[in-house]
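Trainee: I am new to this structure. Please take one part of it, look at it closely, and then lead me on from there.

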Amino acid sequence: MFKRILIANRGEIAVRIIRACNDLKIESVAIYSRADRDSLHVKMATHTYAISEDPIKGYLDADLIIQAAKATESEAIHPGYGFLSENATFAKKVEEAGLIFIGPSHEVIAKMGDKNAARNLMIANGIPVVPGTEPLNSLSLYEIKKIAQKIGYPVILKASSGGGGRGIRVVFKEEDLQSSFEACKREALTFFKDDDVFMEKYIQNPRHIEFQILADNYGNTIHLLERDCSIQRRHQKLIEIAPSPTMSTDLRRRMGVVAVAAAKAANYTNAGTVEFLVDDYNNFYFMEMNTRIQVEHGITEEITGFDLIGRQIRIANGEILDLSQNDIQAQGFAIEARINAEDVHNDFVPTPGTISTYYPPLGPFVRVDSYMYKNFTIPPFYDSMIAKVIVKATSYDLAVNKLYRALNEFKIRGIKTTIPFLINICNDKDFRKGNFDTSYLENKLEELMPEITKDESEIVAAIAVALVKHFEED
C-alpha cells in the first residue's frame with residue numbers, strides 16, 4: 001500500500017480523502033494557498049505544503065503540484081474533483097514523473113473529456129445517445145441553422161471540453177441561434193481554453209440519472225447503482241438521491257448494463273460516473289462520463305456500504321476489485337443536500353464571511369462532509385459549497401423526513417446559506433412524491449423561496465468586500 005498520498009485539492013473533498021487515507025493508515029499531504037491556510041484539510045493532514053501565495057494558481061499548476069509531491073516524498077496524487085481532476089495533461093505529467101495518478105489514465109481522461117469524441121465512441125459501441133453533431137466551429141451560420149432545423153428545436157449547444165454547467169446554451173428558436181452560439185464559444189474558451197461547440201437535440205424536462213462505476217486494472221467493471229441528480233439550478237446539482245425513487249427494477253437493470261458497457265468501451269479504470277438523460281417514456285441517452293469522483297459519491301457509499309475513495313486508492317495501488325455485480329444491493333435510500341454560502345434572495349450570489357456559529361446535525365444515519373468550523377473565514381475565491389448533509393433511511397419518505405430534521409438542526413450563523421431554501425424543498429409535495437425532473441426548480445423557484453429573516457448576515461455584501469480587501473492586504 002502507498003505510504004504517502006498528496007491531495008491536489010482543497011475544501012471538503014480534501015478532508016474526505018484525508019479520512020480515507022487515515023482509514024488505510026496512509027500519510028496524507030495537504031497543499032494549500034495563502035487563503036486556505038486555516039482550512040480544515042490543512043489542520044487534519046499528516047503533512048502540509050504551501051503551494052502558492054495566489055489563491056487559485058497553485059491548485060491549477062500541474063508542475064507546482066508535482067514538485068510538491070516529490071518534495072514531500074509522496075508516491076501518489078489524488079485529484080479529488082474540480083481543478084485538475086479531469087485534466088489529461090496533468091494526469092500524463094503525474095505518470096511521467098513516476099507518480100501514481102489516482103484515477104483513470106490520461107488517455108481515457110482525454111477521450112472522455114472531449115464530449116464529441118466520447119459521443120462518437122458511444123455510438124460506435126451501440127450506446128444510445130441524443131441526436132447531435134460534430135463541432136460546428138468550421139461551419140457557416142447558414143449551415144448551422146440548417147442542422148438545427150433538421151434536428152428540430154429546441155437544441156442545446158455544448159462546449160466540447162465543457163463540464164460543471166459551463167459552456168451550455170439552450171436555443172428554442174432560430175433567431176437566438178447566432179447569439180447563443182457566440183456566447184457558448186466565448187464561455188468555452190474562457191473556462192476550457194477550447195471554443196469547440198457542438199449541438200444536440202434538447203430533451204425537455206428529463207430526469208438526470210447517473211451510474212457509479214468501479215473498474216480495476218484487470219478488466220473487472222461493475223456499477224454501484226444510480227443516483228437521481230434532477231434537482232438542479234443552472235445545471236448545478238443541489239440535491240441528489242440514491243437510488244432513484246422513480247426507477248423501476250427493469251429500467252435500473254437495463255441502464256446499469258449500458259453504463260458498464262460504456263465504461264468498458266472507454267477502457268475505463270478506477271471510479272467514474274456515466275450520466276444519462278431519461279425522458280417521460282423511460283428512453284435513456286448517454287450524456288457524458290465524469291472521469292473522477294463525484295461530489296455526490298457519499299450517497300452511493302451510504303446505500304452500498306462501500307468506501308469509494310478507499311476503493312479508488314486500492315485500485316490505484318494495483319488491487320483486484322473483489323466485488324461482483326451481484327454483491328451490489330441497495331440498503332434503503334440516501335439523500336444529499338449541498339449547503340452553499342449563498343444569498344437565495346439575491347440571485348444566489350456567494351456570501352463569503354466568518355462563521356460565528358456552527359452546529360452540524362447529529363443522530364443515526366446523518367453525515368456531514370465539510371471543511372467548516374466555528375470562527376472559520378470562508379475565502380471569496382472558491383466554489384460556494386461549504387458542506388454536504390447526507391442522510392439515510394429505509395424508505396424515500398423517511399429519508400426526506402430525516403433530511404428535513406437534519407437541515408433544521410444545522411445552525412450556521414455569520415453568513416447566509418441555502419439551508420432555508422433546502423428545507424422548503426423537503427416540504428414540497430412534489431419532491432416528497434418523487435415527482436420531479438430537471439425543470440423542477442425552474443418551475444417552483446418562487447414558491448420555494450424562504451421568508452426573508454433579519455439576522456447577523458444582513459451586511460453580507462459589506463463582509464464580502466471587506467474579505468477581498470483583507471486577503472489582498474494580508
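**From one loop to the whole chain**

Mentor: Lysine 25 is exposed: its relative accessible area is 78%. The cut-off for that word is over 50%, so this residue qualifies. Keep in mind that the model is predicted. Lysine 25 sits in the loop that runs between helix H1 (11-23) and strand E2 (27-33). Now check its backbone. Its phi is positive, about 60°, although lysine 25 is not a glycine. Most residues other than glycine have a negative phi, and most peptide bonds are trans.

Phenylalanine 83 has a positive phi too, about 45°, and is not a glycine either. Find it in the loop between strand E4 (76-78) and helix H5 (88-96). With a relative accessible area of 31%, phenylalanine 83 is partly exposed.

Next, two peptide bonds. Tyrosine 153 and proline 154 are joined by a cis peptide bond, with omega about 0°. Proline 154 belongs to the loop between helix H8 (141-151) and strand E6 (155-159). Alanine 242 and proline 243 are also joined in cis, with omega about -15°. Proline 243 is in the loop between strand E11 (236-242) and helix H10 (249-265).

Step back to the chain. Three domains divide it: domain 1 (4-102), domain 2 (132-201) and domain 3 (207-448). The centres of domain 1 and domain 2, taken over C-alpha atoms, are 35 Å apart.

Now the sheet. Strands of a sheet pair through backbone hydrogen bonds, either parallel or antiparallel. Here 8 strands form an open sheet with antiparallel pairing, in the order E13-E12-E9-E10-E11-E14-E19-E18. Its edges are strand E13 (284-290) and strand E18 (366-370), each pairing on one side only. On average, neighbouring strands of this sheet are turned by 25° against each other, direction ignored. Zoom in on one pairing. Strand E14 (residues 333-340) and strand E19 (residues 385-393) run antiparallel and are joined by 8 bridges. Valine 389 in E19 is the bridge partner of alanine 337.

Turn to aromatic rings. The whole structure holds 16 aromatic pairs. One of them is phenylalanine 172 with tyrosine 202: the ring centres are 6.2 Å apart and the planes stand at 85°, so the pair is edge-to-face. Phenylalanine 172 lies in the loop between strand E7 (168-171) and helix H9 (177-192), and tyrosine 202 in the loop between strand E8 (197-201) and strand E9 (207-215), so the pair ties together parts 30 residues apart in sequence. Tyrosine 202 is partly exposed at 21% relative accessibility.

Another edge-to-face pair is tyrosine 396 with phenylalanine 431, 6.1 Å centre to centre and 65° between the planes. Tyrosine 396 is in helix H13 (residues 396-409) and phenylalanine 431 in helix H15 (residues 429-433), so this pair ties together parts 35 residues apart in sequence. Tyrosine 396 is buried at 8% relative accessibility. Phenylalanine 431 is buried at 0%. Both belong to one aromatic cluster: Phe333, Tyr396, Phe431, Phe436 and Tyr440. One more ring deserves a look. Arginine 10 lies over the face of tyrosine 382, at 3.7 Å from the ring centre.

A search of the whole structure finds 36 salt bridges. In one of them, glutamate 200 meets arginine 119, with the closest N and O atoms 3.3 Å apart. Glutamate 200 is in strand E8 and arginine 119 in helix H7 (residues 115-124), so the pair ties together parts 81 residues apart in sequence. Both residues, glutamate 200 and arginine 119, are buried.

Lysine 237 forms a salt bridge with glutamate 296, at 2.8 Å between the closest N and O atoms. This pair links distant parts of the chain, 59 residues apart: lysine 237 is in strand E11, glutamate 296 in the loop between E13 and helix H11 (297-304). Lysine 237 and glutamate 296 are both buried.

Arginine 254 and aspartate 250 form it, with the closest N and O atoms 3.1 Å apart. Both lie in helix H10, 4 residues apart, about one turn of the helix. Arginine 254 is partly exposed at 33% relative accessibility. Aspartate 250 is partly exposed as well, at 40%. Salt bridges with shared partners also build one network from Glu210, Arg227, Lys237, Glu240, Glu275, Glu296, Glu336 and Arg338.

Conventions
Residues are numbered from 1 along each chain as its sequence is written. This is a predicted model: local features need pLDDT of at least 70, side-chain atom pairs count only at pLDDT 80 or more; totals for chains, interfaces and linings use all residues. Side-chain values use heavy atoms; hydrogens and water are left out. Domain bounds come from an automatic or database domain assignment. Two strands pair if DSSP finds at least two bridges between them. Helices (H or I, at least four residues) and strands (E, at least two) are DSSP runs, numbered from the N terminus. Axes are lines fitted to C-alpha atoms, for helices over the stretch in contact, and angles run from 0 to 180 degrees between N-to-C directions. Buried means under 20% relative accessible area, exposed over 50%, partly exposed in between (1.4 Å probe, protein chains only). Rings of Phe, Tyr and Trp (its six-membered ring) pair if their centres lie within 6.5 Å; planes under 30 degrees apart count as stacked, over 60 as edge-to-face and the rest as tilted. A charge sits over a ring if NZ of Lys or CZ of Arg is within 6 Å of the ring centre and within 35 degrees of the ring normal. A salt bridge is a side-chain nitrogen of Lys or Arg within 4 Å of a carboxyl oxygen of Asp or Glu.
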